[in-house]
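User: I have a protein open on my screen and would like to go through it slowly. Could you help me read it?
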Amino acid sequence: MDINCPRCGEPWELDHVYHEMTSEERADLIAGRGCSSECASNPRSDSLQAQGAGAILELCPDDLDGAAALMEDFGLTL
């Protein structure tokens, strides 16, 4: 399952988010500050994936498995 970046809409494999991102990178992704330095310096995306990810991560920031499942259920993942 994937988690979409709430800033740019880029999908990230959940295992990567849990095991390969630093805690700072993961916190930035969940808080909507972006998924990388390039993402944070670009303007916000108005894509459905980015907007939906932002709303879902706002609702369940401490449950990434649940957030990924909701994103998949609502068809927000690519």
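Analyst: Let us begin with a term: helices and strands here are DSSP runs, where a strand has at least two residues, and they are numbered from the N terminus. Please keep in mind that this is a predicted model. With that wording, Asn4 has its place in strand 1, which covers residues 2-4.

User: OK, and how many helices and strands are in the protein?
Analyst: The protein contains 5 helices and 2 strands, and when you read along the sequence they follow the pattern β-β-α-α-α-α-α. The radius of gyration is 11 Å, close to the 12 Å that the globule rule gives for 78 residues, so the protein is as compact as a globular protein of that length.

User: What box do the C-alpha atoms fill?
Analyst: Taken along the principal axes, the C-alpha atoms of the protein fill a box of roughly 30 × 30 × 20 Å. Of the 78 residues, 35% count as buried, and the protein exposes about 4600 Å², of which carbon and sulfur atoms supply 50%.

User: Back to Asn4, is that residue buried or exposed?
Analyst: Asn4 is buried, because its relative accessible area is 0%, and buried means under 20%.

User: Which backbone oxygens does its side chain reach, then?
Analyst: The side chain of Asn4 reaches the backbone oxygen of Gly9 at 3.3 Å, while a polar atom of that side chain lies 3.0 Å from the backbone oxygen of Leu76. Leaving aside neighbours within four places in sequence, Asn4 is in contact with several residues, including Pro11, Gln49, Ala53, Leu57 and Met71.

User: Where is Gly9 found?
Analyst: Gly9 is found in the loop between strand 1 and strand 2, the latter being residues 11-13. Gly9 also counts as buried, because its relative accessibility is 8%.

User: And what does Gly9 touch?
Analyst: Not counting residues up to four places away in sequence, Gly9 touches Asn4, Ser47, Gln49 and Ala50. Gly9 and Ser47 are 38 residues apart along the chain, and their C-alpha atoms are separated by 6.8 Å. For the protein as a whole, residues 24 or more positions apart account for 62% of the contacts with a separation of 6 or more.

User: Switching topic, how many positive and negative side chains are there?
Analyst: The protein has 4 positive and 16 negative side chains, and the centres of these two sets lie 10 Å apart.

How values were computed. Residues numbered from 1 in each chain as written. Predicted model: local features only at pLDDT ≥ 70, side-chain atom pairs only at ≥ 80, totals over all residues. Heavy atoms only, no water. Helix = DSSP H or I, 4+ residues; strand = E, 2+ residues; numbered from the N terminus. Rg over C-alpha atoms; globule rule 2.2 N^0.38 Å. Buried < 20%, exposed > 50% of the residue type's maximum accessible area, 1.4 Å probe, protein only. Contact = heavy atoms within 4.5 Å. Areas by Shrake-Rupley, 256 points an atom, 1.4 Å probe, with all protein chains shown as cover. Lys, Arg positive; Asp, Glu negative; His and termini not counted. Charge placed at Lys NZ, Arg CZ, Asp CG, Glu CD. Polar contact = N/O pair within 3.5 Å; in protein donor to acceptor, adjacent residues only side chain to side chain.
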